[in-house]
Amino acid sequence: YASSGFFWDNALLHGLSFRNYGELSAQGKAPATFKEIYADYVQKTGKYRFPPQYAIDTLKRYSCPEYPGFSLAAPDQLRADIFLKEFAEAEQSGRWPELITLILPNDHTRGVTVDWPTPRAYVADNDLALGRIVERISKSRFWSKTAIFVIEDDPQNGYDHVDGHRSICLVISPYVRRGVV
């Protein structure tokens with residue numbers, strides 16, 4: 001927690017609109033096993049909910065109340081569905097926030113924990129959710145004014161060859177120049 005505040009505080013201070021999807025939200029104990037939760041997701045019964053818990057008032061006010069917080073029990077596909085539903089509503093209204101934060105945490109994996117997805121399955125879930133979101137935004141009316149920054153919050157399996165604080169960052173936008181570092 002930065003003593004100077006977060007970047008969304010600065011955006012709000014300067015009159016920009018903001019929407020948060022799960023960033024810095026705590027999650028209580030999983031309501032069921034991943035297998036049960038995933039089956040519920042596939043069958044679309046809506047039996048399991050993941051109400052996020054925010055300790056920061058600003059985030060509570062500007063967050064999607066249905067979007068799961070940091071819980072590896074919730075499939076990232078569920079997160080993508082919730083975001084894409086709100087995105088469709090934004091396209092209808094023509095109002096799209098100027099700043100959005102969104103977490104897709106399943107790239108963290110649970111290692112080889114019994115009764116949980118394998119690391120490969122978790123990462124596939126994460127990649128598919130990100131791909132669905134990027135594809136939808138990139139084909140929308142908002143694309144010409146959009147920049148998506150994808151940041152992996154830790155390098156997972158140890159240090160890279162320079163520093164343990166480094167991690168991947170992808171920039172996806174019509175402003176990006178291909179082949180340039």
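Colleague: Taking helices (H or I, at least four residues) and strands (E, at least two) as DSSP runs, numbered from the N terminus, where does Leu24 lie?

Modeller: Leu24 lies in the loop that runs between β1 (18-21) and β2 (25-26). Please keep in mind that this is a predicted model, in which local features need pLDDT of at least 70 and side-chain atom pairs count only at pLDDT 80 or more, while totals for chains, interfaces and linings use all residues. Residues are numbered from 1 along each chain as its sequence is written, and side-chain values use heavy atoms, with hydrogens and water left out.

Colleague: What is the phi of Leu24?

Modeller: The phi of Leu24 is near 55 degrees, a positive value in a residue other than glycine. At 31% relative accessibility, Leu24 counts as partly exposed, on a scale where buried means under 20% relative accessible area, exposed means over 50% and partly exposed is in between, with a 1.4 Å probe and protein chains only.

Colleague: And Asp115, is that one buried or exposed?

Modeller: Asp115 is exposed, with a relative accessible area of 65%. This residue lies in the loop between β4 and α5, and its phi is positive at about 70 degrees although it is not a glycine. Lys44, which follows α2, also has a positive phi, near 55 degrees.

Colleague: Switching to rings, how many aromatic pairs does the structure hold?

Modeller: The structure holds 15 aromatic pairs. Rings of Phe, Tyr and Trp (its six-membered ring) pair if their centres lie within 6.5 Å, and planes under 30 degrees apart count as stacked, over 60 as edge-to-face and the rest as tilted. One of the pairs is Phe34 with Trp116, whose ring centres are 6.3 Å apart and whose planes stand at 50 degrees, so the pair is tilted. Since Phe34 lies in helix α2 (residues 34-43) and Trp116 in the loop between β4 (99-102) and α5 (119-138), the pair ties together parts that are 82 residues apart in sequence. Phe34 is buried at 11% relative accessible area, whereas Trp116, at 22%, counts as partly exposed.

Colleague: How are the planes of Trp96 and Phe142 set, then?

Modeller: Their planes are at 15 degrees and their centres 5.3 Å apart, so the pair of Trp96 and Phe142 is stacked. Trp96 lies in the loop between α4 (76-93) and β4, and Phe142 in the loop between α5 and β5 (148-151), so this pair ties together parts 46 residues apart in sequence. Ring pairs also link Trp96 and Phe142 with Tyr21, Tyr67, Phe83 and Phe87 into a cluster.

Colleague: Which residue lies over the face of Trp116?

Modeller: Arg110 does, at 4.0 Å from the ring centre, and Arg19 lies over the face of Tyr21 at 5.8 Å. A charge sits over a ring if NZ of Lys or CZ of Arg is within 6 Å of the ring centre and within 35 degrees of the ring normal.

Colleague: OK, new topic: what does Gly69 touch?

Modeller: Leaving out residues up to four places away in sequence, Gly69 touches Gly22, Ser25, Gln27, Phe50, Pro52, Arg79 and Ile103, where contact means heavy atoms within 4.5 Å. Gly69 lies in the loop between α3 (57-62) and α4 and is buried at 0% relative accessibility. Gly69 and Gln27 are 42 residues apart in sequence but 5.6 Å apart in space, C-alpha to C-alpha. Arg79, which belongs to helix α4, is likewise buried at 0%.

Colleague: Which residues of α5 are buried?

Modeller: In α5 the buried residues are Tyr122, Asp125, Asn126, Ala129, Ile133, Val134 and Ile137. Seen down the axis of α5, they fall within an arc of 155 degrees, so they line one face of the helix; the arc is that of the directions from the helix axis to the C-beta atoms. What covers them includes α2, α4, β4, β5 and β6 (169-172).

Colleague: Last one: how many bridges join β1 to β4?

Modeller: There are 4 bridges joining β1 to β4, and the two strands run parallel; strands pair if DSSP finds at least two bridges between them. The bridge partner of Arg19 in β4 is Ile100.
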